[in-house]
There are 2 protein chains.
Amino acid sequence: MTDLADRPAGSPTTVRAKKPASPRPVATPGATAAAAPAVDVAALEELLLGKWSDTRRAARELAGRPELHKTEGMPHTEHRERVFGQLKILVENGAVHRAFPVELGGADEHGGNVAGFQELVIADPSLQIKAGVQWGLFGSAVNHLGTGEHHKKWLPGIMSLDIPGCFAMTETGHGSDVASIATTATYDAATEEFVVHTPFRAAWKDYIGNAAIDGLAAVVFAQLITSGVNHGVHAFYVELRDPTTKEFLPGIDGEDDGVKGGLNGIDNGRLHFTQVRIPRANLLNRYGNVDADGTYSSPIASPGRRFFTMLGTLVQGRVSLDGAAVTASKLALKTAIQYASERRQFNASSPTEEEVLLDYQRHQRRLFTRLATTYAASFASEQLLEKFDDVFSGRADTDEDRQDLETLAAALKPLSTWHALDTLQECREACGGAGFLIENRFASLRADLDVYATFEGDNTVLLQLVAKRLLADYAKEFRTVNFGVLARYVVGQATGAAIHRTGLRGVAQFMADSGSVQKAAIAIKDEASQRALLTDRVQTMVAEVGTALKGANKLPQQQGAALFNSHQDELIEAAQAHAELLQWEAFTEALGKVTDPGTRKVLTWLRDLFGLSLIEENLSWYLMNGRLSMQRARTVGDYINRLLVKIRPHALDLVDAFGFGPEHLRAEIATGAERLRQDEAREYFRTQRASGDAPVDEKILLARKSHRTRAPRA
Amino acid sequence: MTDLADRPAGSPTTVRAKKPASPRPVATPGATAAAAPAVDVAALEELLLGKWSDTRRAARELAGRPELHKTEGMPHTEHRERVFGQLKILVENGAVHRAFPVELGGADEHGGNVAGFQELVIADPSLQIKAGVQWGLFGSAVNHLGTGEHHKKWLPGIMSLDIPGCFAMTETGHGSDVASIATTATYDAATEEFVVHTPFRAAWKDYIGNAAIDGLAAVVFAQLITSGVNHGVHAFYVELRDPTTKEFLPGIDGEDDGVKGGLNGIDNGRLHFTQVRIPRANLLNRYGNVDADGTYSSPIASPGRRFFTMLGTLVQGRVSLDGAAVTASKLALKTAIQYASERRQFNASSPTEEEVLLDYQRHQRRLFTRLATTYAASFASEQLLEKFDDVFSGRADTDEDRQDLETLAAALKPLSTWHALDTLQECREACGGAGFLIENRFASLRADLDVYATFEGDNTVLLQLVAKRLLADYAKEFRTVNFGVLARYVVGQATGAAIHRTGLRGVAQFMADSGSVQKAAIAIKDEASQRALLTDRVQTMVAEVGTALKGANKLPQQQGAALFNSHQDELIEAAQAHAELLQWEAFTEALGKVTDPGTRKVLTWLRDLFGLSLIEENLSWYLMNGRLSMQRARTVGDYINRLLVKIRPHALDLVDAFGFGPEHLRAEIATGAERLRQDEAREYFRTQRASGDAPVDEKILLARKSHRTRAPRA
């Protein structure tokens with residue numbers, strides 16, 4: 001591992017604040033400096049960067065270059081052009097080929113590829129997502145769903161950006177429900193062609209990146225029909241535009257999705273097909289093939305499992321978004337905490353000296369709880385990426401591994417993307433009017449990341465997928481249940497695996513191993529108690545819903561669906577509780593890797609803050625279910641407040657460990673300018689007071705007068 | 001009052017969905033049509049439009065005109081020009097002069113003026129806020145803080161927009177803490193001039209609307225110094241730019257704040273002054289005057305009370321934002337609920353028919369709870385506006401009235417502006433990818449309204465002002481307490497009034513009148529119980545913090561401040577609980593005005609949903625404090641879920657009652673286009689099934705095969 005301090009000084013792109021290479025002691029007010037723990041910032045930075053730290057550093061070096069930065073206030077048409085140009089810079093720097101086959105110039109490296117991709121959000125989220133469309137979705141689909149000939153024919157052009165392309169899956173009528181897409185690809189044995197067709201308006205492909213302007217080709221997802229049988233969703237390579245004129249080819253048309261809430265560097269658009277004929281060979285046939293005579297064959301007999309396998313590549317998008325969302329949260333917190341440590345407002349404790357914002361309890365609550373969650377999400381994200389790498393490298397890619405990966409991504413992506421939006425907003429508000437200026441980036445990042453909550457799998461739908469898995473783990477009968485949104489989405493999974501185990505975490509088992517929850521309720525502060533409380537909640541919630549839903553699959557479909565629907569909210573709550581537990585466990589596991597005692601102490605406070613905040617948020621559940629007494633519950637808030645005070649002296653270290661330089665932050669209020677302004681103002685008043693020229697305050701004059709008036713009477 | 005149905009048909013700007021003039025019965029699934037209540041949409045619309053319904057309708061007619069609409073995706077430079085042009089349209093239509101003196105062509109009408117202003121958000125929030133800067137802040141300051149000569153000299157030009165101007169109060173170094181601004185206006189008796197000066201960078205005026213481009217003049221807030229005495233913040237009329245060249249006048253300079261997170265139709269900027277000399281007469285001298293010889297005089301002896309009085313006009317901005325935020329929430333909910341009633345996704349209860357989104361429990365939870373809060377906020381906003389009108393019309397403008405108004409605005413503005421952001425975001429996510437397209441407006445409105453949470457008084461600071469008042473009502477000792485953020489902001493209030501009573505709501509008294517809380521815990525569903533539970537929480541929280549802070553003002557300043565700070569979070573929570581109670585009471589009071597039994601029944605469900613949602617959010621408090629038993633608490637969630645089902649058939653009526661036409665909504669997904677697409681798709685599949693040409697699903701084929709294979713064995 002390369003320590004930050006070991007990097008060559010004067011590296012042109014890393015003009016960053018100096019950091020001490022070794023722990024610096026912090027003077028805590030009211031505590032002796034010797035007794036206070038200190039954070040080893042460099043080591044913590046290394047821990048956060050994780051397994052692919054070198055790749056991340058290289059990606060950050062790129063993301064720090066001005067030519068890759070978002071230019072704020074640019075009209076969307078120009079922004080699109082800029083981002084397209086930036087993609088070429090990524091190609092030139094070999095930043096986006098890691099996941100492709102070695103024989104084509106790639107590295108067959110999946111985890112590192114996504115790690116690097118996640119960091120691109122620092123430059124411009126549009127750049128990250130446009131790169132994701134080109135290489136993570138379009139290129140990846142050709143790579144994973146196509147076979148040798150396809151790779152040779154198209155991957156070089158895709159990798160070099162000679163063929164900008166689309167991943168044409170989503171339709172106007174169907175977002176998250178991919179199985180229901182209505183575009184058809186009907187085989188015509190007479191000409192050995194597929195006829196790609198859009199039967200009605202709702203079947204137009206929609207929100208498709210690269211579709212409005214740049215896409216010359218697309219991987220189109222359509223129902224494969226041959227010899228009168230619909231074999232379900234398959235992927236087809238379809239040329240869209242003439243490479244010279246950039247005009248749509250015959251039978252193809254579309255629309256520009258126009259301006260969006262963010263990510264306006266990407267040309268999202270709509271596509272539709274009128275009896276478009278493509279060669280039989282354009283079926284990406286790794287998991288399903290059609291012979292010249294129209295005979296269908298597949299290495300995967302079950303249509304459900306085949307569908308699940310083909311959609312498996314989508315998980316890469318979720319893993320990427322998860323990590324990118326964590327990175328954005330880190331950017332926001334570094335800026336907001338830096339500013340709050342310099343900004344003074346209202347003189348609370350002294351008549352001449354105003355309070356630093358970060359010393360206000362509410363400000364600490366707002367920022368430190370989110371800092372704790374960001375650490376948890378960061379460690380969880382790293383675990384997800386390692387799992388992803390295990391599966392995609394082939395080291396551990398059984399059906400069960402893939403399903404665990406799917407479920408883990410479905411659990412973490414909703415939490416981290418929602419958390420990023422919440423954090424960006426809270427940080428923006430914590431910086432007041434300055435937070436609203438684009439020059440400080442909160443509003444810009446928030447607008448761009450908004451859609452992370454609903455694309456690559458709607459967060460609410462993903463949590464239902466997790467709930468489905470939890471139910472299946474709870475009782476066998478739910479493994480094949482087929483009601484409502486849960487079932488439809490994951491039917492492939494449920495029937496694909498022989499046995500579900502509690503693959504993610506032995507929730508049901510834990511409580512048996514660790515003894516009663518009562519113990520936890522006595523001392524909520526320690527690790528074991530937090531674990532017991534968090535785990536018990538997931539287990540109990542799942543068991544309760546499971547009991548309520550017992551027999552649902554024996555009811556007529558409509559009644560069964562109604563029963564599931566009447567518990568939908570609880571199911572989603574349970575899934576979220578499960579995901580939070582996973583984050584807490586990841587944080588705790590990471591703690592185990594910290595050797596420096598000072599760092600470990602401070603990180604333990606932060607982990608406790610995370611755990612206790614979760615318990616506080618769900619305190620009513622613990623009380624209603626008799627897990628915490630009234631008296632015990634009342635201590636949670638106080639304990640959190642005490643943790644805030646303990647963390648305060650280390651807040652800057654904890655955000656410095658994110659390892660960003662000014663070229664990454666690019667926020668005026670994170671530059672120290674506020675401190676300079678405050679110092680200048682205080683110096684002005686100090687000089688004025690010293691000179692004796694300061695005007696007298698009318699209030700003081702009045703007080704003196706009233707004193708004089710009263711004096712004679714005395 | 002004019003009923004909507006009475007308006008001339010074919011009015012060019014009101015192409016709106018037809019609404020029945022009388023209640024329409026709703027067929028509830030599983031209930032007979034006769035038994036179901038029906039909402040009288042037209043009457044409910046009238047109730048929501050409130051006292052100034054005619055003014056609101058006139059403002060909406062204007063806001064519906066295309067020339068006033070926001071053009072999405074416009075660069076900020078063009079957007080600014082467009083909005084400036086739109087201000088002239090407002091002038092031509094007499095839309096912005098209501099609050100000015102009758103003798104100058106105004107109407108001395110304050111409530112109606114703000115009501116009309118609130119509706120402008122429908123056209124473009126930039127237009128609303130730019131109009132607010134010109135007439136609500138700049139013009140209003142000249143009107144309220146200036147005297148006869150000032151009015152004659154400047155108001156005509158301000159009203160006609162010949163003098164676009166700024167309200168230059170906020171400084172880079174001081175946002176919400178106005179008393180601490182550092183710009184000085186020092187009187188020079190030799191020349192009978194004030195010298196306006198910016199002593200250091202932090203004292204630059206910042207985030208000032210009209211400052212970057214359009215402002216020819218400004219009301220500048222500065223410390224008034226004469227004869228060596230600082231008399232505190234006063235307002236001065238300062239010319240900024242040459243009307244012909246638009247260049248800054250000598251000694252004045254500034255910067256453009258550039259692109260912002262939203263509201264980019266406004267040219268916010270920075271201003272600073274280098275020994276700028278202005279005539280003595282440019283002091284807006286209603287509350288403080290300087291004679292030629294430099295003698296200061298004021299009709300208000302107490303500097304604190306004088307400060308509070310001069311800042312009193314700021315409340316108008318808060319009242320305006322409160323109502324505008326409610327209007328934006330209504331726009332979002334109408335669009336999202338309309339779409340959710342048409343959009344189908346996942347076939348849960350039938351193999352061929354997909355479920356309408358609004359039938360999913362989670363979707364109902366997401367949208368109906370926010371609908372209930374929007375109704376509560378709307379009724380509370382109307383009460384605030386009436387109070388504002390009472391005070392500003394002079395009908396009821398004692399110090400106490402003004403303080404009640406201040407506190408009420410400080411309580412409601414944070415809740416409604418945060419609620420608008422939350423609602424816009426939830427609606428955007430509930431509409432998936434379509435919600436992210438600017439054509440559906442959620443993202444655009446959210447970006448523009450973002451800053452409503454921190455300008456015209458930071459929400460967190462405003463809630464602390466409310467907490468201060470609650471403490472003062474609780475115990476006399478807190479009336480003059482002077483620690484931290486609370487005290488500094490409202491010091492004028494605290495010392496200005498002789499006696500504070502529980503002016504807003506007799507919280508302390510209520511519990512005594514109504515008997516024990518135990519009763520409430522038994523039947524949480526009825527009105528009296530909800531009131532008891534919500535009121536008890538406010539009362540108890542305030543009493544607890546009050547007890548904890550007892551004697552704080554006898555401690556040395558630093559310790560006293562530390563004690564306050566250690567309870568800051570609780571104080572803010574108590575203030576929020578108080579504000580929520582006010583909303584609940586406003587909703588309940590409005591219910592009393594509903595005569596139609598069907599409407600009253602449905603609105604009562606909605607009010608109950610609001611009340612129980614508040615109780616659910618704070619359930620842990622009720623449990624920890626023994627107000628609800630475990631058993632009782634567990635029924636809250638179920639009861640909420642049952643309310644969702646009851647409200648479902650009336651959801652469209654409840655959003656139709658907001659009274660928006662397509663010219664206000666301007667969202668593609670609110671036009672019924674989704675229903676047409678869904679119908680087309682279903683018709684396609686129905687025809688295909690009927691024709692017998694439909695391809696067979698491979699899964700069905702496999703099922704048949706397996707049936708045939710098994711058959712011989714049987």
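Axes here are lines fitted to C-alpha atoms, for helices over the stretch in contact, and angles run from 0 to 180 degrees between N-to-C directions. Helices (H or I, at least four residues) and strands (E, at least two) are DSSP runs, numbered from the N terminus.

This is a predicted model, in which local features need pLDDT of at least 70, side-chain atom pairs count only at pLDDT 80 or more, and totals for chains, interfaces and linings use all residues. Residues are numbered from 1 along each chain as its sequence is written, and chains are lettered from A and ligands numbered from 1 in the order in which they are written.

Two packed helices are described by the angle between their axes and the distance between the axes.

| Helix pair | Angle | Axis distance |
|---|---|---|
| Helix 8 (residues 314-340) and helix 12 (residues 442-449) of chain B | about 165° | 11 Å |
| Helix 10 (residues 399-430) and helix 13 (residues 459-474) of chain B | about 145° | 8 Å |

Helix 8 and helix 12 of chain B are therefore roughly antiparallel to each other; angles under 35 degrees count as roughly parallel, over 145 as roughly antiparallel, 65 to 115 as roughly perpendicular and the rest as oblique. The crossing of helix 8 and helix 12 of chain B is left-handed, a term used if the near helix is turned anticlockwise from the far one by less than a right angle, with right-handed used if clockwise. From helix 8 of chain B, B:Ala325, B:Ala328, B:Leu331 and B:Ala332 meet B:Phe442, B:Leu445 and B:Leu449 of helix 12 of chain B. Residues are in contact if their C-beta atoms, placed from the backbone, lie within 7 Å. By class, this contact has seven nonpolar, no polar and no charged residues. Ala, Val, Leu, Ile, Met, Phe, Trp, Tyr, Cys and Pro count as nonpolar, Asp, Glu, Lys and Arg as charged, and the others, Gly among them, as polar.

The crossing of helix 10 and helix 13 of chain B is also left-handed. Helix 10 of chain B contributes residues including B:Ala410, B:Lys413 and B:Trp418, while those from helix 13 of chain B include B:Leu462, B:Val466 and B:Arg469. The contact divides into eight nonpolar, three polar and two charged residues.

**Domains of chain A**

Chain A is assigned domain 1 (76-299) and domain 2 (312-656), with bounds from an automatic or database domain assignment. In chain A, 25 residues of domain 1 are in contact with 27 residues of domain 2. On the domain 1 side, helix 4 (111-119) and helix 5 (125-145) of chain A are the elements that give two or more residues. Helix 5 of chain A supplies the largest share of that side, nine residues.

Between the chains, 87 residues of chain B are in contact with 87 residues of chain A. The chain B side comprises 36 nonpolar, 31 polar and 20 charged residues. Strand 6 (residues 229-239) of chain A and strand 12 (residues 696-697) of chain B run parallel and are joined by two bridges; strands pair if DSSP finds at least two bridges between them. A:Val229 has B:Val696 as its bridge partner.

Chain A has an open sheet of three strands in the order 4-8-7, with antiparallel pairing. Strand 4 (205-208) and strand 7 (252-256) of chain A stand at the edges, each with a single partner strand, so one side of each lacks a neighbour in the sheet. The twist averages 25° from one strand to the next.

Methods:
Contact = placed C-beta atoms within 7 Å.
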